[in-house]
Amino acid sequence: LLLFPLSMQAQKVTVSGYIKDAKNGEGLIGASIFIKELLTGTTTNTYGFYSLTLPKGNYTLVATSVGYRKNIKTINLNDKSVELNIELQEDGQELAEVVVRAEKEDNNVKAVEMSVNRVEMKTIKKIPALLGEVDLVRAIQLLPGVTTAGEGASGFNVRGGGIDQNLILLDDAPVYNSSHLFGFFSVFNPDAVKDVKLIKGGIPAQYGGRGSSILDVKMKEGNAKQLEVNGGIGLIFSRLSIEAPIVKDKASFIVAARRSYADILAKPFLTGSSAGSKFNFYDLTAKVNYNINQKNTVFLSGYFGRDVFGQDFGFNWGNSTLSARWNHVFSSKLFLNATAFYSNYDYLLDSDLANKRPNNAFRWTSNIENLSFKPDFTYYINPSNTLTFGGQILNYDFTPGSATASSNGDVRTFGSAPKNAVEYSTYIGNEMKVSSKLSLQ
């Protein structure tokens, strides 16, 4: 009796692989894989990977995703595990009427994820935009429980929580100030964003701890099939993005940039003391990925952005992030995503008088810097049981404030001393479907 479960497990074979978009090679998040004969299945993770352990035999595998054509494969599972990668074609068709679809009324009690909203960029781009510019943070403020922090203020509030209680991630790297232009626009370039996930409650263990919410933003990996250029000229800023394959179906990149030009347009009209006014923002987003082989894929992504405002006395702030990720398939059941990231947020108060009257000047700097390594493992025990585990080491370097002031040739330096902290963490999570009516996390 004790050996019976082991013998039953030995008679099973695993089929695993990636589900990707046939047009650009992007991994599809949440795509469904269904086995007709057994009436069982699973969904892909955030990297498009899936794993199913089944008894030996012949099966019909159906891969589907919203907005894509169904792909049906016949598989023969003998003694060896099978690697099956599937590409789905976009399902474009003309409709005679408008079709409105929504989640089932009881969907909130059929999924173990609580208070989670996932918004596709295709949907965000259809929402009426401020001054004609699509904005991610503005879009999520339309969701239940999310409110603006106020015009001219950056960030957002979730269910009464403070702005600083939200963890905002861009390809796993934290972004401490998510706004341009005093909160009117976010730092996320819509041309470079692939997936947006807002978690308002029941935060999964792998995210660590935050008092209010998690905004997890994933960047596009770049078109792996062909060159694609997007751009736009708006009232406030212009943008341009380029994505293309480096090696077709194996490596690709995307580069996206934005810059406001109100200062350039206003320059001819500024005279006298206002001629030296500065008011602009810009950002650059880039990502490259390389599919080494069936078991190894690497990603490198980065963001750099800054806001500059002021005349004789001005201020500026900016975010910088760099993420390096490695996806490795140890076996048909064990998946690894290892991430190393660097994040820096700084702001500066500065008097431009240093060049005009060096004897009367003021300068204040402050920043927070992160360096981290984080391995995340997913073990697909069977279609009804998934184990996640991993850890993180996170280094913080704070400069609360450092100031230099000069008056009539007298220079003073003051402020708080730099501080350092290191945070270690481990986690383990299990999601189990006990029966058709009961699931546990």
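Leaving aside neighbours within four places in sequence, Gly 231 is in contact with Arg 239 and Leu 240, contact being taken as heavy atoms within 4.5 Å. The model is predicted, so that local features need pLDDT of at least 70 and side-chain atom pairs count only at pLDDT 80 or more, whereas totals for chains, interfaces and linings use all residues. Residues are numbered from 1 along each chain as its sequence is written, and side-chain values use heavy atoms, with hydrogens and water left out. Gly 231 belongs to strand β18 (residues 228-233), where helices (H or I, at least four residues) and strands (E, at least two) are DSSP runs numbered from the N terminus. With a relative accessible area of 45%, Gly 231 is partly exposed, given that buried denotes under 20% relative accessible area, exposed over 50%, and partly exposed the range in between (1.4 Å probe, protein chains only). A separation of 9.3 Å is found between the C-alpha atoms of Gly 231 and Ala 257, which are 26 residues apart along the chain.

Asn 71, located in strand β6 (residues 71-77), counts as buried at 18% relative accessibility. When residues up to four places away in sequence are not counted, Asn 71 touches Leu 61, Val 62, Ala 63, Ile 86, Glu 87 and Leu 88. Towards Glu 87, the side chain of Asn 71 reaches the backbone oxygen at 3.3 Å. This is a polar contact, defined as a pair of N or O atoms within 3.5 Å, of which, within protein, one must be able to donate a hydrogen and the other to accept it, residues adjacent in sequence counting only if both atoms are side-chain atoms.

Side chains of opposite charge can pair when their charged atoms come close. The structure holds 16 salt bridges, each a side-chain nitrogen of Lys or Arg within 4 Å of a carboxyl oxygen of Asp or Glu. One of them joins Lys 194 to Glu 26, with the closest N and O atoms 3.5 Å apart. Lys 194 lies in strand β16 (residues 193-199) and Glu 26 in the loop between β1 (12-21) and β2 (32-35), so this pair ties together parts that are 168 residues apart in sequence. Both partners are buried, Lys 194 at 19% relative accessibility and Glu 26 with a relative accessible area of 6%. Glu 26 and Lys 194 are, together with Glu 221, linked in a network of salt bridges.

A further salt bridge is formed by Lys 295 and Glu 83, whose closest N and O atoms are 3.5 Å apart. This pair links distant parts of the chain, 212 residues apart, with Lys 295 in the loop between β21 (278-293) and β22 (296-310) and Glu 83 in strand β7 (residues 82-83). Lys 295 is partly exposed, with a relative accessible area of 32%, and Glu 83 is likewise partly exposed, at 41%. For Asp 350 and Arg 363, the closest N and O atoms of the salt bridge are 3.2 Å apart. Asp 350 in strand β24 (residues 334-351) and Arg 363 in strand β25 (residues 360-382) are 13 residues apart; Asp 350 is buried, with a relative accessible area of 18%, while Arg 363 is partly exposed, at 41%.

Strand β16 also takes part in an open sheet of 5 strands, in the order β9-β16-β17-β12-β13 and with mixed pairing, two strands being paired if DSSP finds at least two bridges between them. The edge strands, β9 (116-120) and β13 (173-174), each pair on one side only. Between β16 and strand β17 (residues 213-219), the pairing is antiparallel over 6 bridges, and Lys 218 in β17 is the bridge partner of Asp 195.

A search of the whole structure finds 14 aromatic pairs, in which rings of Phe, Tyr and Trp (its six-membered ring) have centres within 6.5 Å, planes under 30 degrees apart counting as stacked, over 60 as edge-to-face and the rest as tilted. The rings of Phe 185 and Phe 237 are edge-to-face, because their planes stand at 90°, with the centres 5.4 Å apart. Phe 185 is buried at 3% relative accessibility, as is Phe 237 at 2%. Arg 258 lies over the face of Phe 237, at 5.2 Å from the ring centre, the criterion being NZ of Lys or CZ of Arg within 6 Å of the ring centre and within 35 degrees of the ring normal.
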